[in-house]
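Trainee: Hi! Could you walk me through this structure?
Mentor: Happy to, here it comes.

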Amino acid sequence: MRLRLSRIHHPVTALGPGRRIGIWTQGCTIACPGCVSRDTWPADQETEVAVAAVLDWCGTVDPAGVAGVTISGGEPSEQPAALSELVAGLAGFQREYGWDLLCYTGVEENEFADRCPEVYRSLDALVTGPYRAGEPTDLVWRGSANQRLIPLSELGHSRYDEWVSAETSAPAIQVQVADERIWLIGVPGRSAMSKVERMLADRGIRLEGVSWRP
Ligand code: SF4
């Protein structure tokens with residue numbers, strides 16, 4: 001089985017509790033106005049990789065440095081078969097090392113469960129709902145107030161219950177430089193990207209080809 005993959009990274013510290021593996025799928029048809037990840041929208045076949053290769057990569061990371069895995073996108077539920085195989089493989093790490101599995105989706109919980117029932121049963125937590133630029137929020141790990149963090153399993157409740165309603169006015173953003181690109185990891189607060197652009201412009205740096213503009 002092959003998965004369209006935007007990128008994979010460790011450690012991710014801005015999308016879920018602890019140091020995590022981040023897996024971003026490629027392809028999203030939801031097209032939320034204001035999405036900062038427009039680069040993940042095209043369902044580009046050239047981004048396909050074997051699910052087994054993704055799992056092998058996860059197996060190379062020292063498990064002592066991993067609290068869990070965050071799957072985001074793109075829209076993971078638009079690749080239900082590949083996502084199912086991926087999560088089934090990650091469940092092995094979940095059982096062996098106690099990694100929790102968190103997934104972001106731009107659809108609501110019921111629709112996600114309909115699209116990917118096996119995945120839904122294996123996840124520890126889910127962040128649901130499209131990004132709505134007109135509903136800003138300080139809720140941790142969410143981009144707009146409509147998005148819900150839903151603990152699903154016993155492990156999920158133990159790790160995520162305290163974060164369901166937690167807020168921060170200074171959301172963490174990680175910066176990673178790879179493949180001659182700058183990747184920002186996390187959920188930026190309102191106007192964060194335009195502030196970054198202004199700060200860089202003040203220092204004579206102009207950003208081109210950014211993922212938050214068409
Ligand atoms: S915010 Fe998420 S669901 Fe919405 S368009 Fe962007 S990638 Fe797709």
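Mentor: A definition to start: two strands pair if DSSP finds at least two bridges between them. Helices (H or I, at least four residues) and strands (E, at least two) are DSSP runs, numbered from the N terminus. This is a predicted model, where local features need pLDDT of at least 70, side-chain atom pairs count only at pLDDT 80 or more, and totals for chains, interfaces and linings use all residues. Residues are numbered from 1 along each chain as its sequence is written, and side-chain values use heavy atoms, with hydrogens and water left out.

Trainee: Okay! In which sense do β8 and β9 pair?
Mentor: Antiparallel: strand β8 (residues 173–178) pairs with β9 over six bridges. One of the partners to look up is Ile-182 in β9, bridged to Val-177.

Trainee: And how many residues are between the strands in that hairpin?
Mentor: Two residues. Asp-179 in this hairpin has a positive phi near 55°.

Trainee: What do the buried residues of α6 pack against?
Mentor: They pack against β9 (181–186). Ala-192, Met-193 and Glu-197 are buried in helix α6 (residues 192–202). Buried means under 20% relative accessible area, exposed over 50%, partly exposed in between (1.4 Å probe, protein chains only).

Trainee: Why do you say they line one face of the helix?
Mentor: Looking down the axis of α6, its buried residues fall within an arc of 140°, so they line one face. That arc is taken from the directions from the helix axis to the C-beta atoms. On the other side of α6, Arg-198 and Asp-202 are exposed.

Trainee: What comes after α6?
Mentor: Gly-204 follows α6, with a positive phi near 85°.

Trainee: New topic: is Asp-100 buried or exposed?
Mentor: Buried, with a relative accessible area of 0%. Asp-100 sits in strand β5 (residues 100–104).

Trainee: Which residues does Asp-100 touch?
Mentor: Leaving out residues up to four places away in sequence, the residues Asp-100 touches include Arg-20, Asp-124, Arg-159 and Tyr-160. Contact means heavy atoms within 4.5 Å.

Trainee: Last one: which residues are around the ligand?
Mentor: Among them are Cys-28, Cys-32, Cys-35, Trp-41 and Tyr-131. The cut-off is a heavy atom within 4 Å. By class, this shell has seven nonpolar, two polar and no charged residues. Here Ala, Val, Leu, Ile, Met, Phe, Trp, Tyr, Cys and Pro count as nonpolar, Asp, Glu, Lys and Arg as charged, and the others, Gly among them, as polar.
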